[in-house]
Amino acid sequence: MTEKDYQKSKIKLSTWKTLLSQERHRFKYFAIIIACGMALGILDLCASLLNMRAIDDYIAAGSLEGFGGYAVLIVLVQLGFAFLAFGFCTAAGRLEGHMTADLREKAFKKLQTMSFSYYDKSNVGYLLSRLTSDISRATETVSWSCIDLGWGVMSIIASLIGMFAVNPRLSVIIITAVPFIAVISVFFQKKIIKHQRETRKLNSMIISGFNEGIMGAATTKTLVREELNYKEFSDVTGRMRRASFSAAMISALYLPVASLIISMATATILLRGGHDVQNGLITIGQLNFFINIGNMMFEPIRSFAGIFAEFQSCQAAAERVADVLEAQSDIIDPPEIEEKYGDIFTAKRENWEPVRGEVEFKDVTFQYIDGEKVLKNFNLHVKPGESIALVGETGSGKSTIVNLVCRFYEPQSGQVLIDGRDVKERSQLWLQSNLGYVLQTPHLFSGTIAENIRYGKLDATDEQIRQAAITVGADEFIQTLEKGYDTEVGEGGSLLSTGQKQLISFARAIIADPAIFVLDEATSSIDTESEMQIQAAIETLLSSRTSFIVAHRLSTIRNADRILVIGGGEILESGNHAQLMAQRGRYYNLYINRFVSGQVEQSVQAI
């Protein structure tokens, strides 16, 4: 669901059902909170009855006979209030903490299962907002509103019983006020939710702005965009401020209007009840009881008005959280596949077949979301251990081909086969555990160099980690660092150079000993000297593995078993370096124009 969709959607109880269904195992906290609230409502009735007795039996009678027992009851009621307040505060605090942690864990787990297409259409800032502020907002509202709901329901029931027992005619006055409150609640509902949804959307945009400002700091400096970025961000914060003010004003207007109606009903009760006291129809204590019990009913209604406004405010946040929890990946392993091979989080490796590395595309057609077809009836057969280089213009389909091999996406039609079987017939984890993927822009996780290399093989020993680093030529620079393999790489590898990060990503891929290797512009960030250090190691590794090399440097492309020139989602030319040069076609022109003309030692630039 996009931010625009949120502005148009209606309030749905299913949104809250989705959130609460995630917390069934926390039912005891809900039960404690609601039970405490209902008990408070009963104690309110008891307190009113005791006040009525105090006025009629002691104050009006001018006698304190039997007052000791009354005082004991008063103390017990007050102790009950204190005990229940402690109980619901403790339970509500625990529920809020557990719900926040549970929803964030489940949302994070959900994000781990989503396919690349989900992230193609999801803004990072919006996702961060949903996993942080939106979850906090929703859980706070749910946790602390339960007590008001439990107390309010019981207070209304008890007050109705008490009022009709004392004076049915006065009770009708109170009841007539309820429809008016219901009408204004419906009127304000649409106004409040509209502005609250706008506020939540703008809050997501602000978080997105912070994210882009931090991640793109270097680009901002080089393009001298500081002033423009500030103006754009100020515009969003200004809209956020105006939307917040509008929501606050409507909420602030709603509560006084509701209170005015209730106050008018109370004034009418005092007028009619005072007349009944003068005529001897009820006692002063009963009138006081009626006023107290009336307030006991009106106070929950006022509280409901506040809860209603709070839920309107929280609805937009709840919708966003529910959207993440209900999101479905485009790539899902069927139950029978998970039963045999396991899911993304639980592998059944004992059932995994070894991967030989044969890859075949059969009449594959693929397009990205709402985009033109990238591949059209694409066919390709790669033998086990064969090295395939992919070259071509930007948008020709090179990266799409390797993404389909890795099952990061699935084709709209046709089949991708690994070792003669459709990739859908085995689990995603089975396939991706046998892949080595090195990107142009490497990503390292916060932690040490050794930990980042070990991500490729979690049970790797320190010696295996170092051997992998030696293989790709990373050991030399690692040994110059003060803490060696225990050096922290920083967030995203920010404490290392791009070339150093790339070498570590090579070591991480190699230590996994994958059957299929993918190099996507993998050495374009490494200087010539560093490339020479790892070139021999790469050739050794690729010689026994199926490999796909996208827009790699000339030295690796020339040594590929087969070079495919991709254009318009089709294979335009195919052959080894010598064969394609002899054809004097597209590859020949690419070689002459880009490799020979002063760029022999530079990356192949897939325009």
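The model is predicted, so local features need pLDDT of at least 70 and side-chain atom pairs count only at pLDDT 80 or more, while totals for chains, interfaces and linings use all residues. Residues are numbered from 1 along each chain as its sequence is written, and side-chain values use heavy atoms, with hydrogens and water left out.

The protein chain holds 21 helices and 10 strands (DSSP runs numbered from the N terminus: H or I of at least four residues for helices, E of at least two for strands). Of its 607 residues, 48% count as buried (buried is under 20% relative accessible area, exposed is over 50%, and partly exposed is in between, with a 1.4 Å probe and protein chains only). Take the contacts between residues at least 6 apart in sequence: 78% of them join residues at least 24 apart (a contact means heavy atoms within 4.5 Å).

**The six-stranded sheet**

- An open sheet of 6 strands runs in the order β6-β7-β8-β3-β9-β10, and its pairing is mixed (two strands pair if DSSP finds at least two bridges between them).
- β6 (435–438) and β10 (570–575) are the edge strands with a single partner each, so one side of each has no neighbour in the sheet.
- From one strand to the next, the twist averages 20° (axes are lines fitted to C-alpha atoms, for helices over the stretch in contact, and angles run from 0 to 180 degrees between N-to-C directions).
- Helix α17 (residues 498–511) packs on this sheet, where it touches β6 and β7 (516–520), and its direction makes about 175° with that of β6.

- How many residues of strand β3 (residues 387–392) are buried? The count is 6 of the 6, so β3 is largely enclosed by the rest of the structure.
- In a regular strand, side chains alternate between the two faces of the sheet.
- Both faces of β3 are covered, with S387, A389 and V391 buried on one side and I388, L390 and G392 buried on the other.
- β3 pairs with strand β8 (residues 546–550) in the parallel sense over 4 bridges; L390 stands opposite V550, and A389 has I549 as its bridge partner.
- The pairing of β3 with strand β9 (residues 562–567) is parallel too, over 5 bridges, and V391 has V565 as its bridge partner there.

**The four-stranded sheet**

- Another open sheet has 4 strands in the order β2-β1-β4-β5, with antiparallel pairing.
- Here β2 and β5 (421–422) stand at the edges, each with a single partner strand, so one side of each is left without a neighbour in the sheet.
- β1 and β2 run antiparallel and are joined by 6 bridges, and the partner of V364 in β2 is F378.
- α12 lies across β1, β2 and β4 and runs at about 120° to β1.

**Aromatic rings**

- A search of the whole structure turns up 6 aromatic pairs (rings of Phe, Tyr and Trp, using the six-membered ring of Trp, pair if their centres lie within 6.5 Å; planes under 30 degrees apart count as stacked, over 60 as edge-to-face and the rest as tilted).
- One of them is F361 with F378, an edge-to-face pair at 5.4 Å centre to centre with 90° between the planes.
- F361 sits in strand β1 (residues 359–367) and F378 in strand β2 (residues 373–382), so the pair ties together parts that are 17 residues apart in sequence; both residues are buried.
- F366 and Y409 have ring centres 5.6 Å apart and planes at 65°, so this pair is edge-to-face.
- This pair links distant parts of the chain, 43 residues apart: F366 is in strand β1 and Y409 in the loop between α12 (398–405) and β4 (413–418).
- F366 and Y409 are both buried, and together with Y368 they form one aromatic cluster.
- K109 lies over the face of F345, at 4.8 Å from the ring centre (a charge sits over a ring if NZ of Lys or CZ of Arg is within 6 Å of the ring centre and within 35 degrees of the ring normal).

**Cysteines and a methionine**

- The structure has 0 disulfides (pairs of cysteine sulfur atoms within 2.5 Å).
- C46 is partly exposed at 30% relative accessibility, whereas C406 is buried at 0%.
- M38, found in helix α3 (residues 27–59), counts as partly exposed at 31% relative accessibility.
- Which residues is M38 in contact with, leaving aside its neighbours within four places in sequence? They are G150, W151 and M154.
- The C-alpha atoms of M38 and G152 are separated by 7.6 Å, though the two residues are 114 apart along the chain.
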